[in-house]
Structures are given as C-alpha cells and as structure tokens.
Amino acid sequence: MPELPEVETVRRGLEPSMSGAIIAQADVNRPNLRWPFPDRMAERLTGARVERLRRRSKYILADLDRGETLLIHLGMSGRMTVSGDPLGQFVHTHPAAQKHDHVVFHMDNGARVTFNDPRRFGAMDLLDTATAPTHPLLAKIGPEPLGNDFNEAHLTRAFQNKNTPVKTALLDQHIVAGLGNIYVCEVLFRAGIDPAQKVGTLSRARVASLVPIIRDVLDEAIVSGGSSLKDFRQASGELGYFQHSFRVYGREGEPCKGTGCAATVCRIVQAGRSTFFCPECQT
C-alpha cells in the first residue's frame with residue numbers, strides 16, 4: 001500500500017498538468033472501484049477547474065471550482081500517470097488505452113491523466129469542499145508528520161500511559177498521518193528503538209527523537225520518488241528508488257547496516273504486519 005512519500009510523489013507529479021487546468025472531459029469506464037463511484041461522477045468532473053491539488057495522509061485531494069473535492073486513494077495497485085504534458089516533463093504521446101484504465105482525465109492543456117488499477121482496491125469520491133475535513137475518511141486522521149502540529153508535545157500526549165508497542169502506535173493514523181509499515185520500520189531503526197517497546201515506557205527524550213527522524217526519513221523518501229516494491233510508479237511512469245536505501249525493511253537475515261554491528265536483521269509479526277529490526281541496535 002503506498003505510504004505518504006509515494007502519495008506525495010504522485011501529487012507533485014500531477015500538479016504541473018492538473019493544478020489550474022480544466023478537466024475538458026472525464027471518462028469513467030466502470031461503476032466502481034473499492035466502492036461505487038459517486039452519482040454522475042463523469043458529468044460533475046467534466047468542465048471543472050482544478051484549483052488546488054493537495055494531500056491528506058494517504059489521500060490525494062483535488063479541490064474544484066464547483067465547490068467539490070475529488071478524493072483519490074491509490075489502493076494497492078493504483079497508478080496515476082500523465083501523458084502529453086505541454087510542459088515537457090512527461091512523454092508527449094498518449095499511450096494506447098489499457099484494460100485497467102478505469103478513470104481518465106483529458107485536461108484542457110493537452111495532458112491526459114489516467115488512473116489504472118488492476119486490483120481495484122483504489123477509490124475515488126466527490127466531497128463537499130467546505131465540509132471535507134469532517135468526512136468520515138478524513139475526520140479522525142492525526143497531524144501531518146511534516147507539519148507544525150506534529151511535534152514532541154503531540155507524541156508525548158498520544159503515548160502517555162499506553163500499553164501499545166511503538167511500532168503499532170506509529171501505524172495508527174489517529175496519532176500521525178500517512179506512516180506505513182516500511183517507513184515506521186526505518187524510523188525505529190534510526191531511532192534505535194525496539195519496535196515491541198510499549199510507548200508508555202519510552203523516555204521523553206526518546207519520544208522527542210522520533211519527530212526529526214520521522215521527518216528525515218519521509219523527506220529522503222520523497223526526494224527518492226518513494227519506494228517501488230511491486231506496483232508503485234510515479235506520475236511519469238518511473239519507479240521510485242528509496243528501496244535501495246532500506247536499512248532494515250525486507251532485509252531479514254541480512255547483515256545489519258549499523259556502524260560496527262555484527263548482528264543480522266530479524267523479522268517479527270506485529271498486528272498482522274512484518275516488522276524488520278536489528279536486535280542489537282534497537283533496544
């Protein structure tokens with residue numbers, strides 16, 4: 001499932017072709033993805049101007065001039081790719097339509113934005129822009145980890161007196177938005193924290209150390225275009241390459257990359273997810 005860096009990478013890739021442009025024609029080629037599309041979705045999108053393209057957690061949000069916001073979730077295999085971009089940042093020719101091109105936006109600037117999703121775990125919806133923050137999908141999401149509201153005081157309050165393992169807590173979207181399994185594993189390795197340690201037992205200094213480390217890992221991943229493990233592609237169609245910088249994720253049985261550490265990376269299962277860590281560096 002794409003995490004914050006992958007979604008932010010896609011948002012930034014779409015912005016030159018979509019932000020400020022009009023959707024000259026929207027093609028909706030099936031009635032649903034993970035859930036049914038909203039009523040008259042193609043009609044409501046056609047002719048609308050994209051005033052702003054933003055991200056909230058793992059959702060892309062396109063604010064339209066008609067007072068509605070298009071919500072997009074990539075799911076496990078969803079891709080949004082751009083062709084014919086007049087700014088010359090992408091391939092100029094439009095590729096042939098593919099079987100799983102479920103939604104296509106023909107922009108008035110000549111760009112074509114295609115949502116392709118073989119597994120159909122992605123989603124799109126149209127929300128009232130004024131009340132979008134209170135929508136059930138968005139209302140209870142925690143602060144953005146790259147924003148000012150995510151800080152030591154917030155994490156200290158969220159962790160206080162809780163018996164939850166720190167790995168599980170950081171995956172909780174109510175505590176912090178957008179973090180997923182890959183980046184939490186990498187964060188905890190850099191912080192030297194055992195993923196099974198209960199958050200209520202972490203010292204204030206260790207809680208505080210998580211904030212800049214989380215930001216550093218996410219920033220590095222965004223610069224790298226995210227991580228491509230199976231399906232993820234940038235809006236240009238290119239792979240991300242942060243996976244080449246993984247220190248623990250997916251490296252079970254391989255040597256630890258910690259300075260002077262002779263241990264090997266281990267894997268355990270927490271809340272149904274694989275956790276990768278070094279038993280020597282993370283205590």
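A crossing of two helices is called left-handed if the near helix is turned anticlockwise from the far one by less than a right angle, and right-handed if clockwise. In this predicted model, local features need pLDDT of at least 70 and side-chain atom pairs count only at pLDDT 80 or more, while totals for chains, interfaces and linings use all residues. Residues are numbered from 1 along each chain as its sequence is written, and side-chain values use heavy atoms, with hydrogens and water left out.

Let us start with helix H3 (residues 152-159), whose axis comes within 9 Å of the axis of H6 and crosses there at roughly 125°. That makes H3 oblique to H6 (angles under 35 degrees count as roughly parallel, over 145 as roughly antiparallel, 65 to 115 as roughly perpendicular and the rest as oblique). H3 passes H6 in a right-handed crossing. The contact (heavy atoms within 4.5 Å) joins Glu152, Leu155, Thr156 and Phe159 of H3 to Arg204, Val207, Ala208, Leu210 and Val211 of H6.

Helix H5 (residues 181-191) also meets helix H6 (residues 204-223): their axes come within 9 Å and cross at roughly 130°. This crossing is right-handed. On the H5 side, the residues in contact include Tyr183, Val187 and Leu188, and on the H6 side they include Leu210, Ile213 and Val217. Axes here are lines fitted to C-alpha atoms, for helices over the stretch in contact, and angles run from 0 to 180 degrees between N-to-C directions.

## A four-stranded sheet

Now for the strands. Helices (H or I, at least four residues) and strands (E, at least two) are DSSP runs, numbered from the N terminus. Four strands form an open sheet in the order E1-E6-E7-E5, with antiparallel pairing; two strands pair if DSSP finds at least two bridges between them. Strand E1 (23-28) and strand E5 (79-83) stand at the edges with a single partner strand each, so one side of each has no neighbour in the sheet.

E5 pairs with strand E7 (residues 112-116) over five bridges, in the antiparallel sense. Serine 83 stands opposite arginine 112 in E7. Helix H1 (residues 4-18) lies across E5, strand E6 (101-107) and E7, and runs at about 35° to E5.

## A closer look at aspartate 63

Aspartate 63 is found in strand E3 (residues 59-64). Is this residue buried or exposed? Aspartate 63 is buried, with a relative accessible area of 9% (buried means under 20%, exposed over 50%, partly exposed in between, with a 1.4 Å probe and protein chains only). Beyond its neighbours within four places in sequence, aspartate 63 has contacts that include Arg49, Arg52, Glu68 and Thr129.
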